[in-house]
Amino acid sequence: MTAPDRLERLYTPHRMNYVREAGPASVGCPFCGMADEHPGEGLVVARGVTTFAVLNLYPYNPGHLMVLPTRHVADYTELTEAETTELATMTQDAVRAIRAVSTPHAFNIGINLGTVAGGSLADHLHQHVVPRWSGDANFLTVVAGTKTLPQLLEETRDLLTEAWKSLT
């Protein structure tokens, strides 16, 4: 018997379905599958020359989206200069569009580079843009393990797509 490590464990078995769907057993890259979709179709919110933005199918909060290169690339250092610049600019636009639609109090913005870092779809680089509100991890999330989302993904997509258009 090994010595206890004194760490608390929080098990989230409901996330396993997401990991299985997104893991190597999946056929094709779900992001590459969106490469030909236009803003307002599927989960696509906006499109640039080398990047595009999509809603997260399993959002942490309403408006949670991802900005990613159109090209299938896994590592941030493999982006071209044009892709890097447009990824940053599109992320700024994502923040502006989300602010216009839902006035969040703050944002989490980041990349999980590699599976061990939390990237369940690590083969295609993507940057998360997660709007945050004071109290968004309320008792229902903490006690019941349930996240409440006030609108359907399609409604969120339509609102963000329209707000994005007004940015240009």
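Residues are numbered from 1 along each chain as its sequence is written. As the model is predicted, local features need pLDDT of at least 70, side-chain atom pairs count only at pLDDT 80 or more, and totals for chains, interfaces and linings use all residues, while side-chain values use heavy atoms, with hydrogens and water left out.

Secondary structure follows DSSP runs: helices (H or I, at least four residues) and strands (E, at least two) are numbered from the N terminus. Strand E5 spans residues 127-132. Five of its six residues are buried, so E5 is largely enclosed by the rest of the structure. Here, buried means under 20% relative accessible area, exposed means over 50%, and partly exposed lies in between (1.4 Å probe, protein chains only).

Strand E5 pairs with E3 and with E4. Two strands count as paired if DSSP finds at least two bridges between them. Strand E4 (residues 106-111) runs antiparallel to E5, and six bridges join the two. Strand E3 (residues 65-69) also pairs with E5 in the antiparallel sense, over three bridges. Histidine 128 of E5 takes part in both pairings. Methionine 66 stands opposite histidine 128. Glycine 110 has histidine 128 as its bridge partner. In a regular strand the side chains alternate between the two faces of the sheet.

Side chains of opposite charge can pair when their charged atoms come close. The structure holds four salt bridges. Each is a side-chain nitrogen of Lys or Arg within 4 Å of a carboxyl oxygen of Asp or Glu.

One of them links glutamate 83 to arginine 71, with the closest N and O atoms 2.8 Å apart. Glutamate 83 lies in helix H2 (residues 81-102) and arginine 71 in the loop between E3 and H2, so the pair ties together parts that are twelve residues apart in sequence. Glutamate 83 is buried, at 5% relative accessibility. Arginine 71 is partly exposed, at 37%.

A salt bridge also joins arginine 96 and aspartate 93, at 3.0 Å from N to O. Both residues belong to helix H2; because they are three residues apart, about one helical turn separates them. Arginine 96 is partly exposed, with a relative accessible area of 42%. Aspartate 93 is buried, at 17%.

Aspartate 158 and arginine 157 form another salt bridge, their closest N and O atoms being 2.9 Å apart. Aspartate 158 is partly exposed, at 38% relative accessible area. Arginine 157 counts as buried, at 11%.
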